[in-house]
Each structure stands twice: as structure tokens, then as C-alpha cells.
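Please keep the sequence and the 3D view at hand while reading.

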Amino acid sequence: MLNLNFVSSPLEQFEIVTLIPIIFKNLNISITNSSLYMIIIFVVITFFSNLSLFKNSLIPNYLQFIKESFFNLTSNIVKDNLGSKGEIYVPFIFTLHLFLFTGNLIGMVPYSFTITSHIIFTFSLALSIFIGINIIGLKTHGLNFFSLFLPKGVPLFIVPLLITIEFLSYIVKVFTLSIRLFANMTSGHTLLKIIAGFSWTMLKAGGLLAILHVVPLILLLALIGLELAIAILQAYVFTLLSCIYLNDVLDLH
Amino acid sequence: MPQLDFIIILPQIFWFFLIFISLYLYVLHYFLPKLIFSLKFRKLVVKKNNLEILKLNSAFIKQKKLLNSKLIYDLKSFKSCFFFNLKKINNIFIKQKYSNPEILNKKVLSFIVNTNLFCSKQILNAITILPSHLNSQK
């Protein structure tokens with residue numbers, strides 16, 4: 001009974017457990033707890049959006065106002081970075097922002113699972129965005145798209161070195177985008193788990209330490225506030241950077 | 001580290017794409033039209049109100065201009081009435097060579113005094129006139 005919730009390592013919270021195994025033509029596409037949480041995110045978003053827009057009034061009530069201000073936030077990101085030609089991309093950026101925002105916040109609930117704390121998830125997201133941006137760039141500019149790697153006004157003998165550096169930094173953008181989100185989420189949750197483990201161990205030890213177990217708890221409270229802010233901020237930063245990369249490609253600097 | 005197991009790649013990617021695409025379609029077809037409708041409607045209301053204000057303002061300014069022009073016309077006719085007679089009086093004085101302003105002032109003053117004493121209806125009505133035998137008995 002005492003060891004019911006006892007986990008041996010702080011990284012065990014990120015394990016993916018298969019809930020309903022589905023094997024389709026030798027491919028494993030079972031429903032894991034990660035997929036379950038993605039479905040929960042979808043249900044939460046549709047539930048909240050339907051509730052707030054049921055009586056769509058001219059002067060909004062509170063829930064509709066929250067949704068409208070969230071939409072205004074995302075729309076401002078697109079407008080500031082892409083200008084008027086970016087209106088086509090607003091639904092996609094809005095979906096991205098909403099998905100990451102809700103995913104990060106649901107992971108803050110105790111004992112739940114953060115889908116963005118997996119490198120495969122963030123990497124596939126960043127890679128698909130990167131491939132999409134490249135296709136958009138190639139379609140708008142044709143072969144002129146590769147002039148992205150050569151800034152203006154460069155003396156001729158530096159050109160090969162500069163092209164290599166620009167190309168590498170372009171490729172690394174995918175990795176930084178995904179690893180930023182993944183590392184922030186993983187480290188935050190691991191830290192919370194470790195400090196909660198400290199507090200629990202101190203309480204179990206008894207004596208003076210049992211009274212002092214409040215100290216890690218207060219630290220944990222502050223850290224949860226910080227983690228909440230980081231969760232919201234990382235979702236915002238991901239969408240902002242995607243918009244900036246899209247603008248870079250559409251304008252060629 | 002559980003994130004780096006290879007067995008979990010395909011379920012994650014598959015379900016991620018499925019859920020994300022369905023969410024995108026839901027947002028595009030249901031959520032955003034409703035949300036943007038109220039935002040756009042508000043802007044439309046503000047624009048319509050501004051147009052109304054502009055119309056009312058222009059009508060008001062037109063009326064004001066009309067009133068002003070009428071007023072100026074009437075005042076001008078008034079002024080011409082006055083100064084037309086004043087010109088006649090000026091001509092009389094110049095003909096009689098009263099270019100000295102002191103004599104002119106004296107004449108105008110005597111004129112005013114005499115008209116107020118002897119030609120004013122109110123003063124004449126206030127004087128009681130009695131027959132002579134009643135006067136001598138006083």
C-alpha cells in the first residue's frame with residue numbers, strides 16, 4: 001500500500017505505455033497513453049470551443065472573450081511577422097498554437113502525461129513544418145529560393161564558407177525548434193518529480209526531517225508556477241519562430 | 001531514457017498526424033467562422049456608425065452654411081437702409097459747408113434737445129392744459 005505510487009526513477013513518468021494494441025499489416029499503430037492524451041486534448045479543445053460559441057453575442061461573455069483574445073494573440077503574431085500576405089496561414093498557426101498550448105497545460109496537471117516531452121513528437125512537428133515551409137518557398141520563388149543562403153554585399157572569396165555556414169544554420173533550425181520545446185518540458189517535469197521525491201523521502205524519514213519536509217514543498221509551489229509560465233511561453237515561442245521562418249522563406253530576407 | 005526507445009516512433013507519429021489534421025479541419029470549418037463572425041460584425045457596426053456620423057455632420061454643416069448666408073444677406077440690406085439715409089444727411093452738411101466738427105456737434109445736440117422737448121409724444125401727453133380762468137385762479 002505504501003509503495004503503490006513509488007517510482008524508481010524521475011524519468012519513468014515519460015514512459016509510453018501501450019493501452020490498446022493495434023497491429024495493422026505488420027505496423028504497430030496502437031493507442032498508447034500519448035495517443036490517449038492527444039485525443040483528450042482534441043476533446044477538450046472542441047468542448048471548450050463549442051461551449052464558448054454557443055451563444056455568440058456581440059458583446060462577449062467571459063469564455064468567448066478568452067477565446068477571442070487567444071485568437072487575437074495568434075493573429076497578431078501572424079500580422080506582425082508576415083504582414084497581409086500571411087492571412088492564409090492563420091488557421092494553421094492558430095491550430096498549432098492551440099494544440100501546443102493545451103498540450104503543455106494538460107501536462108501540468110499532476111499524474112498526467114505531457115505529449116510535448118517526447119523528442120519524436122516535437123521533431124516530427126518541427127520537421128513537417130520545415131518541409132512545408134521549404135515546399136512553399138520553392139513554389140513561390142522557384143530555383144531562386146536557394147539565394148536564401150547568400151546574403152547581399154559579400155566579397156567573393158568568403159562565399160563558399162558563408163554558404164556552408166548559412167546552409168548548416170538553416171538545417172539546424174529544425175533541431176533547435178524541436179529540442180527547445182522537448183528539453184524545456186522534460187527538464188521541468190523531471191525537476192518537479194525530483195523535488196517532490198525529496199519532500200516525500202524527508203517525510204518518510206521521520207524526526208526533524210519530517211517537520212522540514214515543508215521546505216521542498218514550498219520550493220515545489222514556486223517551481224510549479226515557473227513551470228506553468230514556461231509551458232505557456234514555450235508554446236508561444238514555437239509558433240512565433242514558425243512564423244518567422246515562414247516569413248524568411250516568403251521574403252528571402 | 002524512455003524518450004529514446006525506438007518502438008514508440010510509429011504510434012506517436014501516426015496518432016499525432018491524425019489528431020492534428022482532424023483538429024485543423026475542425027478549427028477551419030467550425031471554430032474560426034463562428035469566432036471571426038462576431039469580431040467582423042463589431043467592426044462592421046463601428047464602420048456603419050461612422051458613416052452615419054459623417055452623413056449627419058455634412059447635413060448639419062450644409063444647414064448651418066445656408067443659415068449663415070441668409071443672415072448675412074439680411075444684415076446687409078439692414079445696413080444699406082441705415083447708411084443710405086446717413087449719406088443723405090452727410091450730403092446736406094457738406095453742401096452747407098459745416099466741415100467744422102464743433103458746429104456740427106452743436107447742431108446735432110440742439111436738434112436732439114428740441115425734438116425730445118417739443119416733438120416727443122409722451123412728454124406732450126403728460127402736460128395738462130387747462131382753460132385760462134382756471135390758471136389765473138391758481
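## Salt bridge between the chains

In this predicted model, A:Glu68 forms a salt bridge with B:Arg42. The closest N and O atoms are 3.0 Å apart. Side chains of opposite charge can pair when their charged atoms come close. B:Arg42 sits in helix H1 of chain B and A:Glu68 in helix H2 of chain A, so this pair joins two chains.

How many salt bridges does the rule find across the interface of chain B and chain A? The count is 1. Over all chains, the structure holds 2 salt bridges.

## Interface of chain B and chain A

Polar contacts also cross the interface. The rule finds 5 residue pairs of this kind between chain B and chain A, both partners being at pLDDT 80 or more. On the chain B side, the residues that touch chain A divide into 27 nonpolar, 4 polar and 3 charged.

Chain A puts 47 residues into the contact, and chain B puts in 34. Together the two chains bury about 3800 Å². Carbon and sulfur atoms carry 78% of that area. Which residues of chain B lose the most area to chain A? They are B:Gln3, B:Gln12 and B:Trp15. Together these residues account for 18% of what the chain B side buries.

## Second largest pocket

The second largest pocket holds about 510 Å³ of space. Its lining has 16 residues. Closest to the centre are A:Phe71, A:Ser75, A:Lys79, A:Glu87 and B:Lys43. By class, the lining splits into 5 nonpolar, 6 polar and 5 charged residues.

Both chains contribute helices here. Helix H2 (62-82) of chain A and helix H1 (9-95) of chain B each supply at least two lining residues. Which element gives the most to this lining? H2(A) does, with 6 residues. Helix H2 of chain A also carries A:Glu68, and helix H1 of chain B carries B:Arg42.

## Largest cavity

Rolling a probe the size of a water molecule over the atoms shows where empty space is left. The structure holds 1 cavity of 30 Å³ or more. The largest cavity has a volume of about 90 Å³.

Three helices of chain A each supply at least two residues of its lining: H4 (119-141), H5 (159-205) and H7 (214-251). Which residues line this cavity? They are A:Ala126, A:Ile129, A:Phe130, A:Ile133, A:Tyr170, A:Lys173, A:Val174, A:Leu177, A:Tyr245 and A:Val249. By class, 9 are nonpolar, none is polar and 1 is charged.

## A:Leu162 in helix H5

A:Leu162 lies in helix H5 of chain A, a helix that also supplies residues to the lining of the largest cavity.

Neighbours within four places in sequence are left aside here. Beyond them, A:Leu162 is in contact with A:Phe149, A:Pro151 and A:Val154.

Note on methods
Residues are numbered from 1 along each chain as its sequence is written. Chains are lettered from A and ligands numbered from 1 in the order in which they are written. This is a predicted model: local features need pLDDT of at least 70, side-chain atom pairs count only at pLDDT 80 or more; totals for chains, interfaces and linings use all residues. Side-chain values use heavy atoms; hydrogens and water are left out. On a 1 Å grid over the protein atoms alone, a cavity is a set of points where a 1.4 Å probe fits but cannot get out, and a pocket is an open set with protein on both sides within 12 Å along at least five of seven lines; lining residues have an atom within 4 Å of a point. Grid points are joined across faces, edges and corners, and a volume is the space filled by probe spheres set on the points. Helices (H or I, at least four residues) and strands (E, at least two) are DSSP runs, numbered from the N terminus. Ala, Val, Leu, Ile, Met, Phe, Trp, Tyr, Cys and Pro count as nonpolar, Asp, Glu, Lys and Arg as charged, and the others, Gly among them, as polar. Contact means heavy atoms within 4.5 Å. Buried area is the accessible area (1.4 Å probe) that two parts lose on being put together, summed over both. A salt bridge is a side-chain nitrogen of Lys or Arg within 4 Å of a carboxyl oxygen of Asp or Glu. A polar contact is a pair of N or O atoms within 3.5 Å; within protein, one must be able to donate a hydrogen and the other to accept it, and residues adjacent in sequence count only if both atoms are side-chain atoms.
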